[in-house]
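Hello,

The structure we talked about is below, and my notes follow it. Please read them with the model open.

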Amino acid sequence: MTKYETDRTALLIVDPYNDFMTEGGKLFEAIRDTAESVNFFDNLRRIISAVRAAGISVLILPHHRAHDHAFVNWKHMTPFQKSGAPLKAFEVGTWGGEFNSEFGPKDGDVVVQEHWAQSGFANTDLDLQLRQRGIEKIILVGVIANSCIESTARFGMELGYHVTLVKDGAAAFSHEGMDVAFRINGPTYAHAILTTDELLARL
């Protein structure tokens, strides 16, 4: 059974923007069904509270915030970037581009540089921030299960981190996305795939 040593473990909260995690946000309705099916928001509250009480490091992994000239002259935008650009999710200077008051950063947390696509490691300071703190194990929660969560977790595994996924601590745009993330793809790279109850019992 995996032990999560306080000084070697970090909780990574992926994309806790109002646009995702607050009613009225541009993408809130898109994740509502999967979020409600696994009790995502209440589980996130429980996980974050327990992690903070245990003294485990918390890092916020924010997606790139939209602005008018973000992808000018880009040759290889992804389909998700192309479809998302007109929506301007997480737009700079808007309420949607601010962090949710419950799930966003608190004093002492680390806000990592914004990731441009899906991985919180690619083109950011996440690896540096973790290694400087002696972190060896990462626990990922947030959105989206089969994109930013999965991409960050896979990258972390490749870099040598012990990776834990929390299957009811994430949400997605579809139930198929959740299934792919935790039943099909997750077991090929994650060291542990737990429920919130299972995780809290090990902290």
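In which sense do strand β1 and strand β4 pair, and over how many bridges? Strand β1, residues 9–14, runs parallel to strand β4, residues 137–143, and six bridges join the two. Within this pairing, Ala10 has Ile138 of β4 opposite it. Please keep in mind that this is a predicted model.

The sheet

The two strands belong to an open sheet of six strands, ordered β3-β2-β1-β4-β5-β6, with parallel pairing. Its edges are β3 (110–111) and β6 (192–194), each of which pairs on one side only.

The fold as a whole

The protein has eight helices and six strands. Read from the N terminus, the elements follow the order β-α-α-α-β-α-β-α-β-α-β-α-β-α. Of contacts between residues at least 6 apart in sequence, 79% join residues at least 24 apart.

On overall size, the C-alpha trace spans about 45 × 35 × 35 Å along its principal axes. The radius of gyration is 16 Å, which agrees with a compact globule, because a globule of 203 residues would come out near 17 Å. Of the 203 residues, 49% count as buried. The accessible surface comes to about 9,500 Å², and carbon and sulfur atoms account for 50% of that surface.

Backbone points to check

Most residues other than glycine have a negative phi, and most peptide bonds are trans.

- The peptide bond from Val143 to Ile144 is cis, with omega near -10°. Ile144 sits in the loop between β4 and α6 (145–158), and Val143 is within the range of β4, residues 137–143.
- Phe90 is not a glycine, yet its phi is positive, about 60°. Phe90 is found in the loop between α4 (79–84) and β3.
- Asn123, also a residue other than glycine, has a positive phi near 60°. Asn123 lies in the loop between β3 and α5 (126–132).

Are Phe90 and Asn123 buried or exposed? Phe90 has a relative accessible area of 5%, and it counts as buried because that is under 20%. Asn123 has 70% relative accessibility and counts as exposed, because that is over 50%.

Regards

Conventions
Residues are numbered from 1 along each chain as its sequence is written. This is a predicted model: local features need pLDDT of at least 70, side-chain atom pairs count only at pLDDT 80 or more; totals for chains, interfaces and linings use all residues. Side-chain values use heavy atoms; hydrogens and water are left out. Helices (H or I, at least four residues) and strands (E, at least two) are DSSP runs, numbered from the N terminus. The radius of gyration is taken over C-alpha atoms; the globule rule is 2.2 Å times the number of residues to the power 0.38. Buried means under 20% relative accessible area, exposed over 50%, partly exposed in between (1.4 Å probe, protein chains only). Contact means heavy atoms within 4.5 Å. Accessible areas come from the Shrake-Rupley method with a 1.4 Å probe; for residues, only the protein chains shown count as cover. Two strands pair if DSSP finds at least two bridges between them.
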